[in-house]
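Here are my notes on the model, point by point. Please read them with the structure open.

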Amino acid sequence: MKSLKSIILCGLGVAMMSLTSCNDWLDVNTDPNTPSAESTTYDQRLAHIEFYTNSGLQFSAWRTTMAMGDWTRYNGGGNYWHVSYWYPVIGQVTTTYQWWFVGAYANVPDMIAKAEAAENWQFAGAGYLIKAYGFMAMTDLYGEMPYTQAAAEPATPEYDTGKTIYLGCLETIDKAIEMLEKGQSQDPSLPTLAAGDFWNHGDLNKWIKLAYMLKARWINKLNKKGAGSYKDGKYDADEILRCLDKAMQSNADNTIVNHTDDNGPTHDVLGWDEPVDYSPLFSVCGMNAGYMVTKMLYDNLTNFAGKGVEDPRADHIIPWAYSPSKDANSRTDVKWVGNWRRSLGVDMASDINSQGGPLRAMFNTETNSWYIDTKNDARKGDTVYVECTSDCKGYFANPSILYCRAGSGKFESAESGTFYTRVSSPTYIGTYAECCFIKAETLLKKGDKAGAYDAYKKGVKASCELMNDKLKVWVGEDPSLADCPSFTPMTDEAIDNFVNTGIGTQAELTIGHILTQKRIALMFSYEIWNDMRRYDFDPNIFFGWSIPAYHYKVAAAMLAIPEGKQYRRWRQCSHEYNYNSKNLQAIGAQVPGARMTDSEGKELMWNLQDDVWTIPVWWDSDQE
């Protein structure tokens, strides 16, 4: 969008100067004080594009995961507590939009055009892939969006339908694969991806495998469209399997952003002013207070499918608190290891929210014990819920990545955080484990149960081993962390035991087994929401899931998602209402379920209606 381009080009100059001083990701352009689209080279844009794309999509992943039942927040804990009981709010929808369009996409067309002009196919291919990746997320989240005119001159671009965006992204990913498979140019004067690529560090094979994995992921979402060619917007099982054959074949092929616990001079330029080094999920979740695991996730980790075998990943996903006083309100179902106590899960199907809970625990430094600051006796037992807050040495200059509730350095009040939201937690953009679960689902649908079960087992094991890789890094960097069960690496024996006895047999295998294990492997990914929409939130498929009980107690929540409907899309953000409302209103005529007029024929802004959150996006519907 024209107005957004000018914003990001100003910001880009600031970013490029600081990025150069910090990580040498980018070279200073020919006029560092007044950068312009003309003076900025294509290779200088890549790191900036990657950062804002990844961050924007990770923010959406966290927000959608909060709504899908694995995590909640303390009672009264703002927008994301509301979201966890299916009360969607407008405050959740803006950041991803801004970081994609302003931070990332404003730079993508120029990078592609200049790379193609230079016949530098690797940069062009990366640009096409990121374009497809970002716009597919836009249609997953919002449904309709400016797409064909998004980089054109109109300040108020027209909207495209979800189908146009979806098929356009599939065409773009094919173009990306074509560019990437041309390989590196033989011209030694041309820049290579390695200098600015912190996703795959210039490894073209990884870029190609990522492209094929994303293509398989996207075609797999078309299961409601009937069998046929993906080019026609149909579910194409054979093409999915063909793509998976060219995607990741082991964890060595994964696309992972390995974030660091640093506080270098490179900070984002869109207003948050936070380091580009650390995990986006730390920014929105890990450094903040009161996020808690739910009973659904707790049960799926500790007693998957009723098998009675604890997942070895459970200790690393469920938060722990240091508790030398082993009472925890005398609960016998609380797990202890040494002086560490593991959280229980908040039961969202119960009346806990109606009863004012859960509440955050406080720490008494005189008695070295946890307590709940309340006069409500029913809530005093909420010490069993440990929040997933963590800390950092770089940005906050604290002595450990363990969060200390009573203040920095007071380790008797330490909390572990959770694996996925620490300052240096990895971002899994594309993994072998996900490939395995997509393959398992596809083969099961084709009637190949043996092949599906083999892929399913490989996916679970790959997820465990990938998590273990990072656990070993953390305890290697700080050996004292090994005393905390959240950081202690898993043994091979524990992983093998779970894979062989804890995930069900081939005869028992269902789509539910596959997708529930997939959501554990893809924790904090908006693919969890995609899967739940694809299968209509079926509790027989999503083990332990139900609409939270408190949803039915809140009138505004019931207006947003009335009984009998589900959480299907995000409402457009205020920027589109304020500056592009005419085109937003116009696309509504092509959206089944959009209310354009009231009962008397008076025009309504369809995207401002209370229950717009329940309108399916294109791939989630029977819309042609």
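1. Is glutamate 310 buried, partly exposed or exposed? This is a predicted model, and in it glutamate 310 has a relative accessible area of 31%, so it is partly exposed. Its salt-bridge partner is lysine 335, with the closest N and O atoms 3.0 Å apart. Glutamate 310 sits in the loop between α11 and α12 (314-317), and lysine 335 in the loop between β4 (320-322) and β5 (336-337). The pair therefore ties together parts that are 25 residues apart in sequence. Lysine 335 has 25% relative accessibility and counts as partly exposed.

2. Salt bridges number 34 in a search of the whole structure. One of them joins lysine 295 to aspartate 299, with 2.6 Å between the closest N and O atoms. Both residues belong to helix α11 (residues 295-302). They are 4 residues apart, about one turn of the helix. Lysine 295 is partly exposed at 36% relative accessibility. Aspartate 299 is partly exposed too, at 28%.

3. Aspartate 611 bridges to arginine 595, the closest N and O atoms being 3.0 Å apart. Both lie in the segment after α20 (581-587), so the pair links parts 16 residues apart in sequence. Aspartate 611 counts as buried, at 13% relative accessibility. Arginine 595 is partly exposed, with a relative accessible area of 37%. Elsewhere, salt bridges that share partners connect Glu441, Lys445, Lys518, Asp531 and Arg534 in one network.

4. Now the aromatic rings. The whole structure holds 41 aromatic pairs. Phenylalanine 419 and tyrosine 420 pair edge-to-face, at 5.0 Å centre to centre and 80 degrees between the planes. Both of these residues are buried. Phenylalanine 419 also pairs edge-to-face with tryptophan 474, at 5.4 Å and 75 degrees. Phenylalanine 419 is in the loop between β10 (414-415) and β11 (427-430), while tryptophan 474 is in helix α14, so this contact ties together parts 55 residues apart in sequence.

5. How buried are the two partners? Phenylalanine 419 has a relative accessible area of 1%. Tryptophan 474 is buried, also with 1%.

6. Last, the surface. Glu465, Asp469, Asp492 and Glu493 form a negative patch. Helices α14 (449-477) and α15 (492-501) each supply at least two of its residues. Aspartate 492 lies in α15. At 55% relative accessibility, aspartate 492 counts as exposed.

Methods. Residues numbered from 1 in each chain as written. Predicted model: local features only at pLDDT ≥ 70, side-chain atom pairs only at ≥ 80, totals over all residues. Heavy atoms only, no water. Patch = residues over 30% accessible without salt bridge, like charges linked within 9 Å, V, L, I, M, F, W, Y side chains within 5 Å. Areas by Shrake-Rupley, 256 points an atom, 1.4 Å probe, with all protein chains shown as cover. Salt bridge = Lys/Arg side-chain N within 4 Å of Asp/Glu carboxyl O. Lys, Arg positive; Asp, Glu negative; His and termini not counted. Charge placed at Lys NZ, Arg CZ, Asp CG, Glu CD. Buried < 20%, exposed > 50% of the residue type's maximum accessible area, 1.4 Å probe, protein only. Phe/Tyr/Trp six-rings, centres within 6.5 Å; stacked < 30°, edge-to-face > 60°.
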